[in-house]
Amino acid sequence: MNLIDGILLTLVNAIVCIALPKLLSVIQSQKKPQNNLPKQSAINSQDSSSNIPNYVDVAS
């Protein structure tokens, strides 16, 4: 393999490694449905604190 062939393969490999992830991300973003609804938490912080008992160490 000549020096020119090695340089050419290196350049092709570099271009593919840079372009392929970008191309895949564009394709995946087009297929993925957009979900613009706000996320709701399953447990409210006020409700969860009332269910947890408080344990206090009392020095004797």
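How many residues does α1 have, and how far does α1 reach from its first C-alpha to its last? I count on a predicted model here. α1 has 29 residues and reaches 42 Å, close to the 42 Å expected at 1.5 Å a residue.

Next I checked α1 for a bend. I found one of about 25° at A19, and P21, a proline, follows within four residues.

The protein chain comes to 2 helices and 0 strands. Of its 60 residues, 0% count as buried. The accessible surface of the chain is about 6,400 Å², and 61% of that belongs to carbon and sulfur atoms.

Which residues form a nonpolar patch on the surface? I got L8, V12, V16, L20, L23, L24 and I27, with about 600 Å² of accessible area together. The spacing of that list made me recall the helix rule: an α-helix has 3.6 residues a turn, so residues three or four places apart point the same way.

I looked at I27 on its own. I27 sits in α1, which covers residues 3–31. Why does I27 count as partly exposed? Its relative accessibility is 37%, and partly exposed lies between the 20% cut-off for buried and the 50% cut-off for exposed.

Last, the record. UniProt, in an unreviewed entry, puts a "transmembrane region" at residues 6–24. I checked that stretch in the model: residues 6–24 are 100% helix and 0% strand, with the end C-alpha atoms 27 Å apart.

Technical notes. Residues numbered from 1 in each chain as written. Predicted model: local features only at pLDDT ≥ 70, side-chain atom pairs only at ≥ 80, totals over all residues. Heavy atoms only, no water. Patch = residues over 30% accessible without salt bridge, like charges linked within 9 Å, V, L, I, M, F, W, Y side chains within 5 Å. Areas by Shrake-Rupley, 256 points an atom, 1.4 Å probe, with all protein chains shown as cover. Salt bridge = Lys/Arg side-chain N within 4 Å of Asp/Glu carboxyl O. Buried < 20%, exposed > 50% of the residue type's maximum accessible area, 1.4 Å probe, protein only. Expected span 1.5 Å × (residues − 1). Bend = angle between axes of the 7 residues up to and from the residue. UniProt positions renumbered as here; feature names shortened; annotations may be inferred.
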